[in-house]
Amino acid sequence: MIRALARVTALAVAALLLFALQQTTPGYSEITGPITQHGVAGTTTNARGFTLRVEKVVLAERLRWQAFGRSYDRDTGGLWAVAVVEVEGTPATTALSGATWLAASGLRFEASERAESVRGFLRGRRLEPGLPQRGLLIFEIGRDAARNGALLVSMSRWPRLDTQLRITIPNERIEQAETLDLETLT
């Protein structure tokens with residue numbers, strides 16, 4: 001009887017130990033996720049393959065620009081967040097494929113594809129070492145996501161075991177505009 005009770009107790013302790021290990025072990029996406037490098041708008045932040053400096057962010061109701069001999073005028077249900085940045089590939093040629101606006105609530109907004117024809121749009125553009133480029137990262141965000149946000153920028157869209165910059169945008173680096181003419185920013 002005592003031997004059977006000892007076996008049941010040992011089995012229960014082993015099950016509890018295995019359960020505790022399962023609950024405290026990080027998942028695969030956490031283990032292989034991005035390596036976050038923190039920065040603040042206005043300062044240059046280094047990643048493995050590029051450097052980035054966010055000059056300012058302009059929030060606007062509408063965007064206007066010229067491309068391919070025609071004028072474009074876009075609005076959105078929320079706000080446009082246009083980040084004016086300077087970026088440089090280091091130590092080799094690269095491209096920024098990952099650009100996300102992270103709201104304080106945790107919501108993520110990918111760079112808008114509706115504004116890819118803008119001169120100076122940086123996502124996916126080739127970056128050369130020693131040749132810094134000033135350009136734009138453009139997002140469509142919710143109105144409640146405008147303040148206390150951050151930019152997540154990386155060489156790949158979903159970085160795994162690679163650097164992802166997390167640039168905090170203080171409120172003093174955010175400007176407002178009713179209609180933003182993008183030709184004035186680049």
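This is a predicted model: local features need pLDDT of at least 70, side-chain atom pairs count only at pLDDT 80 or more; totals for chains, interfaces and linings use all residues.
In soluble globular proteins, nonpolar side chains tend to be buried together. The largest nonpolar core in this model comprises 32 residues. Trp101 and Ile141 have the most contacts inside this core. Six named strands each supply two or more of its residues: β3 (50-67), β4 (70-89), β6 (98-102), β9 (133-141), β10 (150-154) and β11 (163-168). A second core is separate and has 17 residues. Among them are Leu63, Tyr72, Trp80 and Val82.

The largest pocket has a volume of about 170 Å³. Ser29, Pro34, Thr100, Arg108, Glu110 and Leu152 belong to the lining, as do Arg157, Trp158, Pro159, Arg160 and Gln164.

Several backbone features fall in loops. The peptide bond from Thr90 to Pro91 is cis, and its omega is near -5 degrees. Pro91 sits in the loop between β4 and β5 (94-95).

Two residues other than glycine have positive phi values. For Asn148, phi is near 60 degrees. Asn148 belongs to the loop between β9 and β10. Asn148 counts as exposed because its relative accessibility is 53%, and the cut-off for exposed is over 50%. Leu161 has a phi of about 50 degrees. This leucine lies in the loop between β10 and β11. With a relative accessibility of 57%, Leu161 also counts as exposed.

How values were computed
Residues are numbered from 1 along each chain as its sequence is written. Side-chain values use heavy atoms; hydrogens and water are left out. A nonpolar core is a set of buried Ala, Val, Leu, Ile, Met, Phe, Trp, Tyr and Cys residues joined through side-chain atoms within 4.5 Å. Buried means under 20% relative accessible area, exposed over 50%, partly exposed in between (1.4 Å probe, protein chains only). Helices (H or I, at least four residues) and strands (E, at least two) are DSSP runs, numbered from the N terminus. On a 1 Å grid over the protein atoms alone, a cavity is a set of points where a 1.4 Å probe fits but cannot get out, and a pocket is an open set with protein on both sides within 12 Å along at least five of seven lines; lining residues have an atom within 4 Å of a point. Grid points are joined across faces, edges and corners, and a volume is the space filled by probe spheres set on the points.
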